[in-house]
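Here is a walk through one protein chain, written for someone who would rather look at contacts than read tables. Have the viewer open as you go.

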Amino acid sequence: MRKFELIAPCYFGTESVLKREIIDLGYDVTEVSDGRVTFLGDEEALCRANVFLRTAKRILIKIGSFQAESFEELFQGTRGLPWEEYIPRDGKFWVAKASSVKSRLYSVSDIQSVMKKAMVERLKDVYHTGWFEESGESFPVRVFLMKDQVTVGLDSTGEPLHKRGYRKLASKAPIAENLAAALILMTPWKGDRILVDPFCGSGTIPIEAAMMAAGMAPGRNRSFTAWNWSHIIPKKDWQDVLEEAEEMIDLSVETDIQGYDIDEDMIAISRENARLAGVDKLIHFQRRGIEQLSHSKKYGFLITNPPYGQRLQDKESMQTLYRMIGEKYRSLDDWSMYLITAYEQAQRDIGRKADKNRKIYNGMIKTYYYQFLGPKPPKKNERKASFT
């Protein structure tokens with residue numbers, strides 16, 4: 001059994017949610033920094049993290065870290081890492097992505113080139129060869145430079161984890177599946193509570209919620225780069241984890257999850273995506289504009305990603321839209337609303353200051369996750385007593 005230091009990158013602002021997910025899986029978190037969480041685990045942990053984590057972007061095996069203020073130091077530091085423990089003689093290896101923040105080395109292409117040369121030199125000495133065909137399995141490398149500290153990781157995931165496999169069709173500005181999951185996990189919503197997304201687009205938020213309610217692992221229907229790293233991770237570990245994921249699914253749960261959109265085409269797309277995810281029977285999608293938003297029950301949740309008004313021609317309509325959101329929210333009985341947007345005047349136009357507000361970077365867009373908290377419902381035994 002090998003012990004790894006594993007790195008899980010995530011959206012800036014969602015680190016605490018990812019940390020909680022990792023702890024709930026049973027692993028020890030060693031570091032939380034901007035945009036990533038580091039934890040300890042073995043081969044099975046790597047498989048489980050890829051299959052079960054809802055809010056991570058990918059899972060990296062940390063190869064090492066070192067200080068580098070020059071390209072010579074970057075070369076020597078990279079060459080000093082134990083690449084032969086991971087990359088076989090026929091492995092295909094490259095620096096897939098490099099990022100640099102507040103560091104003297106900032107040219108991404110140069111960082112990638114220097115590191116590739118250093119890896120080649122190291123492996124040439126180990127394998128006693130001057131040429132690598134790189135005809136075998138893929139071993140993509142990712143590197144972060146922060147204040148001249150270089151952190152190097154081997155990407156076990158491949159296609160990013162937000163690609164669950166169900167969203168074959170999307171809206172013009174879809175929210176990523178792992179960000180949608182993070183938004184839900186930042187709320188006290190549980191599968192037996194009401195959830196409505198009045199701007200559902202291609203259905204991502206309702207689908208992610210339904211998957212949570214049904215205990216459905218987000219990575220159960222996709223592949224991973226490390227699936228073929230049999231010299232590092234036994235195939236049996238993957239098979240055991242996937243069997244565990246299948247055993248956890250419970251599609252008999254009762255849910256009240258709804259997705260609305262003003263565009264009939266988006267509703268059709270949402271239904272198809274939900275079908276592909278296997279949760280279509282747990283969600284009710286309906287063509288309905290925000291002005292038609294209503295619900296007869298108490299203590300529900302609005303969790304939504306409305307238009308931001310990023311385009312100039314949209315800005316004038318934002319005030320009207322957000323005023324309508326506020327009006328319809330106030331008409332609901334003791335509900336909570338969780339709304340992510342880059343629209344700066346959201347609180348003013350909604351007509352209420354959010355109880356909580358979290359800054360989240362959705363790609364390069366700075367957004368705010370406004371949290372308008374309704375009262376907690378009475379506990380079940382209290383509700384029973386009120387009817388006796």
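## Ground rules

Contact, or touching, here means heavy atoms within 4.5 Å. This is a predicted model, where local features need pLDDT of at least 70, side-chain atom pairs count only at pLDDT 80 or more, and totals for chains, interfaces and linings use all residues. Residues are numbered from 1 along each chain as its sequence is written, and side-chain values use heavy atoms, with hydrogens and water left out.

## E177 and its surroundings

Let's start with E177. Leaving out residues up to four places away in sequence, E177 touches H162, R164, Y166, R167, T204 and E208. It sits in helix α5, residues 177-185. Helices (H or I, at least four residues) and strands (E, at least two) are DSSP runs, numbered from the N terminus.

Is E177 buried or exposed? E177 is buried, as its relative accessible area is 3%. The scale behind that word: buried is under 20% relative accessible area, exposed is over 50%, and partly exposed is in between, using a 1.4 Å probe and protein chains only.

## Salt bridges

A salt bridge means a side-chain nitrogen of Lys or Arg within 4 Å of a carboxyl oxygen of Asp or Glu. By this rule the model has 19 salt bridges. One of them ties E177 to R167, at 3.4 Å from N to O. That pair links distant parts of the chain, with R167 in the loop between β7 and α5 and E177 in helix α5, ten residues apart. Elsewhere, salt bridges with shared partners join R58, R142 and D155 into one network.

Two of E177's contacts, R164 and E208, also pair up with each other: their closest N and O atoms are 3.0 Å apart.

## Helix α6

The list includes T204, I205, P206 and E208. What do these buried residues pack against? Their partners are α5, β8 (194-197), β9 (256-261), α8 (264-277), β10 (283-287) and β11 (301-304). After α6 comes G215, which has a positive phi, near 65°.

## The seven-stranded sheet

Several of those strands belong to an open sheet of seven, in the order β10-β9-β8-β11-β12-β14-β13, with mixed pairing. Two strands count as paired if DSSP finds at least two bridges between them. At the edges are β10 and β13 (356-362), each pairing on one side only. On average, neighbouring strands of the sheet are turned by 20° against each other, direction ignored. For such angles, axes are lines fitted to C-alpha atoms (for helices, over the stretch in contact), and values run from 0 to 180 degrees between N-to-C directions.

β13 and β14 (365-372) run antiparallel and are joined by seven bridges, and the bridge partner of N362 in β14 is I365. Helix α8 packs on this sheet, touching β9 and β10, and its direction makes about 165° with that of β10.

## Strand β1 and its partners

Now to the start of the chain. Strand β1 covers residues 4-9, and five of its six residues are buried. It runs antiparallel to strand β3 (residues 36-41), joined by six bridges, with P9 standing opposite R36. β1 also pairs in the antiparallel sense with strand β4 (residues 60-67), over two bridges. There, I7 stands opposite L60.

## The nonpolar cores

A nonpolar core is a set of buried Ala, Val, Leu, Ile, Met, Phe, Trp, Tyr and Cys residues joined through side-chain atoms within 4.5 Å. In soluble globular proteins, nonpolar side chains tend to be buried together. The largest core in this model has 59 residues, and I61, L74, W83, V143 and V152 touch the most other members. Helix α4 (residues 108-127) gives the most to this core, with eight residues.

Which residues does W83 contact, leaving aside its neighbours within four places in sequence? They are I63, T78, M119, R122, L123, V141 and V152. Apart from that core lies another, of 40 residues, with L183, I184, A274 and V279 among them.
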